[in-house]
Each structure stands twice: as structure tokens, then as C-alpha cells.
Amino acid sequence: MARRAVHGILLLDKPLEISSNGILQRVRWLYQAEKAGHTGALDPLASGLLPICFGEATKFCQFLLDTDKTYLVTAHFGLRTDTSDAAGEIISRKPVAFDQAVLEQMMQQFRGPQMQIPTMFSALKYQGQPLYKYARQGIEVPREARPITIFRFELQQFDGEYASFLVHCSKGTYIRTLIDDLGEALGSGAYVSALRRIHVGPFDAAQMLTQEQLVPFNEKQDWAGLDALLLPMDLALTGLPELKLTEAQQKRLVHGQTVLLTESELADLGTGSADAIKLYGPAKQFIGVASLEAGVLSVRRLLNTSVWQTPI
């Protein structure tokens, strides 16, 4: 059958032992969707919350890529691997010579704003190639430290060899690097033995669906049932200021023109400048995102008019 025009966000519980792109293509097939993208890859050894954006929702993937995330992490102390996770080769073995009190004291150094050097086993690019391709050839290339923030780093359990943590962090944080750095600071080494994502921005694990839950809808070709599982696109933008447009303002923005807001409109927004503002048409339908500078609205991303003229 022909692929369908599907628009919205699915909160998928990504299973283990499959790449984020692999499960994305599987779910896209289940939906028979024309277009889909995910919002922040999880390694095959990681599971949990993977928001998948369909159709016009892909225009707003970046907002979820840039948001905070929360993970449940299990670390294995006493061993270090070349990938900082269970997929790698063991490169050192050292005794675990610290107790829970020392571990919790050391964790304090990894909370708050800091600079982190990305792992070689990442998708960041150097001279046009992902770092992991160099790493697989045994080549290490320069990486610049990047600013991150660890908002919460909580120990949940420690048995002298394995520890479980909750980590709430900013975009760009590499959990494998965090655990590797912690292990090195403690003198024992450590790697990530299990990783599960439980929050992405406004979304949490309680809202997730598994691919197994989607299969029966596909088998019955119950497309309406599948589509009913999708969340509205503007939920990806929770927390942004909102503006309801007049018909005249909407028309100007759709035609690529700017809009000068009135003093009362700026007062309602509470700002004269903002990187991103959610836009709603006169019928209260979500139509896209604009930036605001010195009281002037400029389009960042608009939905195709065929989508918002018939609200979904």
C-alpha cells in the first residue's frame, strides 16, 4: 500500500539490541508513514524513551534533541572498557577499594555545570566522519571539551561492585563518559553495564508504548487506532511562550513576511525577544514556531498549510 501522511509524536519504549534507526524504520513501517525521525539516538545496549516524530512533527525534532534527559544507569566498577560500556573490550582491571560513603562523596564533583570530553565512540564528526568510525580503526582524534550540566546524580544502590544511579542531565551529555570519568576518579575504573532513558523534556516513561503494542493495529490495518496513539506536535514545545495570531498576522507569516507585535501583545507574552514562540492560528490550531526580536516576529518553522487548515 502507499505510504500515509502521518503527523504527530509517538513515545516509543526502545528495546535492547537494536539501533535507534533500526527501530525507527520498523515503527515507520508499522505506521506505513511517509516520513519519520527520532529525537536523540540510544545505543543498541540502551533502552527506554525514544520520541519518534512523524511527518510535519519532524520539523520540531531539534527542540527535543536540545532538551534535558533523565537516565537510569548501572555501572560496573573494577573494570574499564575501550567503549565505556559492555560492548567494548576490557582494557584494565583494578580492585574496588572504596565504600559507599567515598563513592557518594566523589559523585559531588560531577554535579552541576562542567566541561566534558566526548567519547570516541560517539556520532560527533571529525573531518566529516563520525568519531566511532575512527575509534573502530584504533584511531584517536582531537575532541574539544563541551559544556554540560548534571542537574541530578543520585546513587540508588551499591553492592561493592555494581552501582545504580539516576542521572538528570543537559543535552550533549555522554553517560558513558560520566561513568568512565567517575571510575577513573575513584581509581578503579568503571563502565556502563545498563542504561535506560526515562525522561526526554516534557515526556516521561509512563507514556511509552512498545512496538509489540503497535503490531495488532498494523495487522488489522487499523490506521485510525494507530494514529490515536500519537501525541500532538506542540507538546514537544512545552514551556515555550504562546501567541495566538490574527488572520492578518497568520497570512503575513505564511507568506514569509514578518509581523510587528503591538504593545499589548508583547505585554501578554512578557517579552520583546525570544528564540522560539509557539504560534496558534485564529482557530487555535498549532501552526509553527517563530522567533521574536525587538517586537518583530520572524518564522522559524511552519507546518504545511494542508496540515493545520484541517486540524489533526
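**Reading burial and pairing**

Analyst: Arg4 counts as buried, at 13% relative accessibility. Buried means under 20% relative accessible area, exposed over 50%, and partly exposed in between (1.4 Å probe, protein chains only). The model is predicted, so local features need pLDDT of at least 70 and side-chain atom pairs pLDDT 80 or more, while totals for chains, interfaces and linings use all residues. Residues are numbered from 1 along each chain as its sequence is written, and side-chain values use heavy atoms, without hydrogens or water.

User: Which residue meets Arg4 in a salt bridge?

Analyst: A salt bridge is a side-chain nitrogen of Lys or Arg within 4 Å of a carboxyl oxygen of Asp or Glu. The partner of Arg4 is Asp227, at 2.9 Å from N to O. Arg4 sits in the segment before strand S1 (8–14) and Asp227 in helix H7 (residues 223–227), so the bridge ties together parts 223 residues apart in sequence. Asp227 is partly exposed, with a relative accessible area of 29%. Helices (H or I, at least four residues) and strands (E, at least two) are DSSP runs, numbered from the N terminus.

User: How many salt bridges does the whole structure hold?

Analyst: The search finds 10. Among them, Arg80 pairs with Asp180, their closest N and O atoms being 2.8 Å apart. Arg80 belongs to strand S5 (residues 79–81) and Asp180 to helix H5 (residues 175–186), so this pair links parts 100 residues apart in sequence. Arg80 is partly exposed at 25% relative accessibility, and Asp180 is buried at 8%. Arg152 and Glu154 also form a salt bridge, at 2.9 Å from N to O; Arg152 is partly exposed at 37%, as is Glu154 at 33%. Asp43, Asp85 and Arg176 are linked in a network of salt bridges.

User: What do the totals for the chain say about burial and contacts?

Analyst: Of its 312 residues, 47% count as buried. A contact means heavy atoms within 4.5 Å. Of the contacts between residues at least 6 apart in sequence, 68% join residues at least 24 apart. The secondary structure comes to 10 helices and 18 strands.
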